[in-house]
Amino acid sequence: MHKLQCWIDKMGIRFVLMVNKQGQTRLAQYYEYLTLEERRTLEGEIVRKCLARNEHKCSFVEHRNYKIVYRRYASLFFLVGVDDGENELAILEFIHLLVETMDRHFGNVCELDIMFHLEKVHFMLEEMVVNGCIVETSKANILTPVQLLDKAS
Amino acid sequence: MDEESPTKVGLNTEKAQEWSPLVSWRSFVRGSAKLVLNLSGIESVREAEAEAEAEAGVAMAGSSIMENLFQRTLEDLIKGMRLQLIGESTFISKATEEIRREIKSTDHHTKSTALQKLAYLSAVHGVDMSWACFHVVEVMSSPRFAHKRIGYHAASQSFHQDTPVLLLITNQLRKDLSSANHFEVSLALECLSRIATPDLARDLTPELFNLLSTARVFVRKKAIAVVLRLFDNYPDAVRVCFKRLVENLESSDPQLVIAVIGVFCELAAKDPRSYLPLAPEFYRILVDSKNNWVLIKVLKVFAKLAPLEPRLGKRIVEPVCDNMRRSGAKSLVFECVRTVLTCLSGYESAVKLAVEKVKELVVDQDPNLRYLGLHALSVAVPEHLWAVLENKEAVIKSLSDEDSNIKIESLRLLMAMVSESHVVDISRVLLNYALKSDPEFCNEILGSILTTCGRNVYEIVDDFDWYVSLLGEMATIPNCQKGEEIETQLVDIGMRVRDARMQLVQVGRDLLIDPALLGNVHLHRILCAAAWVAGEYVEVAANPFELMDALLQPRTNLLPPSIRAVYINAAFKILIFCLDCYLLQNEGSTSLDSGNLAGGQSELFCVKDDTEAAELATREGSNYEQDVGFNPKNTAESSEDHSAENDIDRVASHDQTLAHPTLLAKKKFMHESIVNLLNRIELIFGPLIANQNVDVLERAQNMLSLVQLIKEEIIDNSFQNVDKKDTRVSAIIKLMRDAFTMELGPVSTSAQGRVAVPDGLVLKENLGDLQAICGDVELPSSSSLSTGGPHLATTSDASSNLLKNEESGTLNESTSLIEHRKRHGLYYLPSEKSEIVTDEYPPANDPKSNSNINDEASELVKLTEQSFLPKKRTNQTKPRPVVVKLDDGDVAPISVKRPESRDDSLSGAIKDVLLGSETGPSMSQSNPSDKSSRKQKEKKKPNTNVQSEMKENVVDAEKPDSENPNSSSKNHGHTRDRRHRGKEKIVEGEEHDQRGKKKSGHRHGRRKTHQRAKSPLNVVSQTPVIPDFLL
């Protein structure tokens, strides 16, 4: 009962991680400050927890005070840590939107695209999420500044 | 939600494999290309800048060009990392060295590239970059956007409250926030959203205020999101910015609305009341918006607001249901369901629709939807248990789901359905599930049974004999790791429920006697409790000798010292009890034999003992003695029967000492058996004097001294020759026995508060110094272990020696145990049994078990059906035993959630802004006073409870005392005066009734406060927060 009470207390995205099958972090974006040590342990725990699950299991894992919503695309896991009150399905849609956006930009996006164009991916994420709130859900709008940047350099 | 297949945008691994051989070649080509380009002076952004630098100064230019030429870019670094042969950590440390050199460069380009690499290494490989903070500031202030971007990114990634250079960037941020280039503004906003401190927030509020009404939507939406961070750090910003934020809420631009609703969603989560006046705006968005994300957020806002204002619920229920019916997006439908179940539970048709949707979810193919369906049901539990019951088949089916998260959800739901009437059956079925599930889930099940049954001082348990046996059964489940919880409950029930003690000792004995259990580390805590129970309540044991056997068995040396010490203490109590009984019996028999002679002596020890009873007892005892010789098993049973018959008598009997003779009837304290017992104790405890653990050593030493003392006096004296020495022993034993018969009771958590502080004792407010004093003092248990630490080798040697000794020298010991095993085979849990158990319950994926599962599932379905029936205790074969309950102390204090002071100031500020000058001051005042009055009320409640409770206690304590000095008073938990065991039946019944009444009253009261805390509707509806025309 107590658990249910705090279920709807807080909301928002706390971090976005991209981790490959081997458990190597490819992208880490935190919307709250954690020390490097805290980040490392958190990532380790989450990766251990989520990567062990198969596709017949649900995509939501509770960990510490976060709820992790994750989804696997080929070799890459997208893990989003949210507060308890967030709508899980909406976060899944958010992940999908992110992947689609990257796909539109890179064309058949793969892990290497993300590795070598990390700053662009960060740029896209920054367009989509500010301070843990989703502020943009249109692919075209997200990609405009990235394309401008491309043109400029 | 459109569940598109992931393969559509698949990241294919083949591509990666294709790529990797290319990498070295490409980097080579690019490297040479760069060289060519640079030399030929063909324009490229990077190279152009290098040239500009070159123009600036000849000497400088030379070095920077060289640096520029040979610097590895981020891409080179990543490629190098993939091809490295020297090990990743070495590569990283080398790269970091390189970066440290490059970052000092005066060339902007070199510097920013170095920083970019460092930020990458920090984000992905966890390399420390705090040392580079000054360089970050430098790069941030670069005029070129590409560099600035790198700087800002590094700052938002690595800066935090304690970063020393944070003060230096205020001006830079201010400049960029008011820049004409909206990408620069965007960078600064993004950075501010991550690193804002109270100082930064205060200084930059004016800039943000301007941005909130800028025509450039691109930056305005970001500014809106950042405002949230600003409010958190600097509540006064609300006074400046809030109006503009509300204006954005009224905007029709969808890009702005999505940002602003996100902000209000967060704000409303913290303090919903302040945002009630904005309800019409939210309503408009709910009705107009077509964006699912926005709708989800606005529903979340309403989920917070609706409980505060009943008229809101009426208003939104239609649009919510509309969305639920129409929308194809599962996420939105789910949010509607959640909103209805949490805050619109009064609207029957809406709830019905929501439950309908949930029903679809829980049987869906997609595990995500199944999980969420169960989750939604758990929200419905408090208000709509029927929704759960309607879906119980799906819930029970989920109990054997592949996903442990789903299993746990369904377990939670199942436990929510449990009530007094069928807790027994559900626990039985769950225990079977536990036996065949994986260890993790097994313990999850055990844990939830324990918490459910233990809730509110065993509220739903009627039959404690059953529950105690269940605890014993749990302990023998192979995967059980709930030792600590079971331990606590065993001891707790022992202290609280007098009528359960007999069964408790029985269960304890079954556990203690099984040598196989001693090897299981997880069970040690349970065995500890069992030993304590056996020692403490030995007077209700069927056979104390058997208990002693169990406590003395050789495998007890597998126990950790702390638990061994408990074992020894339990053995000590049992010994005292046996000796006491023996001596009393002796009195009786002598009084029989030598008539009046002993009568005088018996008065010495048992003042109130009447010889008639003693005679009766010994006569019975002799009867049984005959039986013993022929058929021990039979006696055991008959004695149990007898004990059952005697049970009532025993409870009803007035005097503690009187209980002895009746017990004597059951137990045969022969001279021989006592001597045997003493010998065995000597034998077993002899080696313990050399034990490394002081606790064990000391207790064993005490025991041995006592045994020696008794032996000297008893052994030489046969039955007939009772001389004065014996009386001395009797006196000692009597004394000790008296010490042990003092009953221990539960202690209220608030007990300490009732103890008056003695004069002259000054209590410190702050226990901070304690840390300094106790900082290096270890916990008692670990310290006792650590004394054994250095001597670990010797200890093990000693124990192995001990084993050898026991094996060779004391052969009769083990044979006696085998004998014992043979005689009481029934009570031993054979070690093979666990295998049988696993045979009985094959693993879950075994095809054979499927039918079994189905059976159980259907059984559960049947069981939960009973929840529909009114919760009446139908099978009242015996009344629920009295459970000692310290009403005010036992129940966990209802924590009054206090909003943080910052939130208070935040909401105060918001109210001031929202309600303007006319209602502003009154509101901001009324709110705290309202809160405090609520708090006061809540505070008052327990107080009155305590008072009435105390009154009742006094009445309870006085009434029986005046009527019957021997009947036990209810508050024995506090007084510890438990000499009088007897209890009048009628008094007990009365007490029970009273308790029942009080309990329900108490429960009722709690529910009331709960409701009040949850929905202070009346308070709001009186305050004119929302003008009527809006609704």
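How many salt bridges does the rule find across the interface of chain B and chain A? The rule finds six there, where a salt bridge is a side-chain nitrogen of Lys or Arg within 4 Å of a carboxyl oxygen of Asp or Glu.

Before going further, a word on the model. This is a predicted model, in which local features need pLDDT of at least 70 and side-chain atom pairs count only at pLDDT 80 or more, while totals for chains, interfaces and linings use all residues. Residues are numbered from 1 along each chain as its sequence is written, chains are lettered from A and ligands numbered from 1 in the order in which they are written, and side-chain values use heavy atoms, with hydrogens and water left out.

## Where the chains meet

Chain B contributes 84 residues to the contact and chain A contributes 79 residues; contact means heavy atoms within 4.5 Å. Together the two chains bury about 7200 Å², with 58% of it on carbon and sulfur atoms. Buried area here is the accessible area (1.4 Å probe) that two parts lose on being put together, summed over both. One salt bridge to look for joins B:Lys222 to A:Glu127, whose closest N and O atoms are 2.6 Å apart.

## The sheet of chain A

Chain A has six helices and seven strands. Helices (H or I, at least four residues) and strands (E, at least two) are DSSP runs, numbered from the N terminus. Followed from the N terminus, the elements read α-β-β-α-β-β-β-α-α-α-β-β-α.

Five strands make an open sheet in the order β2-β1-β5-β4-β3, with antiparallel pairing; two strands pair if DSSP finds at least two bridges between them. At the edges lie β2 (25-30) and β3 (60-63) of chain A, each pairing on one side only. On average, neighbouring strands of this sheet are turned by 20 degrees against each other, direction ignored. Helix α5 (residues 118-128) of chain A packs on the sheet, where it touches β1 (13-20) and β2 of chain A, and its direction makes about 35 degrees with that of β2(A). For these angles, axes are lines fitted to C-alpha atoms, for helices over the stretch in contact, and angles run from 0 to 180 degrees between N-to-C directions.

| Strand pair | Bridges | Opposite residues |
|---|---|---|
| β3(A) and β4(A) | four bridges | A:His63 and A:Tyr66 |
| β1(A) and β5(A) | seven bridges | A:Val16 and A:Val80 |
| β4(A) and β5(A) | seven bridges | A:Arg71 and A:Phe78 |

Two hairpins are worth a look. The one formed by β3(A) and β4(A) has two residues between the strands, and A:Arg64 in the turn has a positive phi of about 45 degrees. The hairpin of β4(A) and β5(A) also has two residues between its strands, and there A:Ala74 takes a positive phi near 50 degrees.

How many residues of strand β5 (residues 76-82) of chain A are buried? Seven of its seven residues are, where buried means under 20% relative accessible area, exposed over 50%, and partly exposed in between (1.4 Å probe, protein chains only). A:Leu76, A:Phe78, A:Val80 and A:Val82 are buried on one side of β5(A), and A:Phe77, A:Leu79 and A:Gly81 on the other. Across chain A, 65% of the 153 residues count as buried.

## The helices of chain B

Chain B has 50 helices and zero strands. Of its 1031 residues, 50% count as buried. Among its contacts between residues at least 6 apart in sequence, 73% join residues at least 24 apart.

B:Phe264 counts as buried because its relative accessibility is 0%. Leaving out residues up to four places away in sequence, B:Phe264 touches several residues, including B:Phe242, B:Leu249, B:Tyr275 and B:Val301. B:Leu228 is 36 residues away along the chain, and its C-alpha atom lies 8.6 Å from that of B:Phe264.

Among the buried residues of α28(B) are B:Leu504, B:Val505, B:Gly508 and B:Leu512. An α-helix has 3.6 residues a turn, so residues three or four places apart point the same way.
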